Amino acid sequence: MSVERTLCIIKPNAVEDCNIGKIITRYEEEALKIAATRFAKLSKEKAEGFYIEHKSRPFFGSLIAFMTSGPVLIMVLEGENAVEKNREIMGATNPAEAAENTLRKLYAKSLEANAVHGSDSLTSAEREISYFFEKNEIISTH
Ligand code: CMP
């Protein structure tokens, strides 16, 4: 295993429900440290660019409307095996299928309002991190 970085977004429903603190605590307990963070309300253009791979999917318009409906907390998380570890901590995309005690099981409202986004591979993580953060905004924790 090696130290990796992954992108995490705490989505509008989890911000609205005041679950930011609990989500960050969980990451810290699991040895994923914040290497960069920003609180933001995404523009339509920024959200569309981020989710560009889903552009042709039927849920795209609704996904963008949701992701721009309120503020989000964007973070670079750093730690051993960070990409896969975050995916385990988040649980399945659909909260109905998420394992007990995963973030989505605990804090999601629906498939769309599923509390958190996490990069699905190292390649995605590199693209997603550079989509939101300049190199000099990322502070290594290791
Ligand atoms: P996320 O990990 O942020 O990546 C794309 C998002 O699209 C996903 O989480 C879901 O919140 C949302 N979404 C909405 N409908 C679907 C669907 N049918 N399949 C997959 N993702 C969906």
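A pocket, in what follows, is an open set of points on a 1 Å grid over the protein atoms alone, with protein on both sides within 12 Å along at least five of seven lines; its lining residues have an atom within 4 Å of a point. Good morning, colleagues. The model is predicted, so local features need pLDDT of at least 70 and side-chain atom pairs pLDDT 80 or more, whereas totals for chains, interfaces and linings use all residues. Residues are numbered from 1 along each chain as its sequence is written, and side-chain values use heavy atoms, without hydrogens and water.

I begin with the largest pocket. Its lining comprises 23 residues, with His54, Thr93, Arg104, Asn114 and His117 nearest the centre.

The ligand sits in this largest pocket, where sitting means that more than half of its atoms lie within 2 Å of the pocket's grid points.

A pocket, in what follows, is an open set of points on a 1 Å grid over the protein atoms alone, where a 1.4 Å probe fits, with protein on both sides within 12 Å along at least five of seven lines; its lining residues have an atom within 4 Å of a point. Colleagues, the model before you is predicted: local features need pLDDT of at least 70 and side-chain atom pairs count only at pLDDT 80 or more, whereas totals for chains, interfaces and linings use all residues. Residues are numbered from 1 along each chain as its sequence is written, and side-chain values use heavy atoms, with hydrogens and water left out.

I begin with the largest pocket. Its lining comprises 23 residues, and His54, Thr93, Arg104, Asn114 and His117 lie nearest the centre.

What sits in the largest pocket? The ligand does, in the sense that more than half of its atoms lie within 2 Å of the pocket's grid points.

Let me turn to the polar contacts, which are pairs of N or O atoms within 3.5 Å. A side-chain N or O atom of Tyr51 is 2.6 Å from an oxygen atom of the ligand. For Leu111, a backbone N or O atom lies 2.7 Å from a ligand oxygen, and for Arg104, a polar side-chain atom lies 3.3 Å from one.

Finally, the second largest pocket. Among its lining residues are Arg5, Leu122, Phe133 and Ile138.

Technical notes: A polar contact is a pair of N or O atoms within 3.5 Å; within protein, one must be able to donate a hydrogen and the other to accept it, and residues adjacent in sequence count only if both atoms are side-chain atoms.
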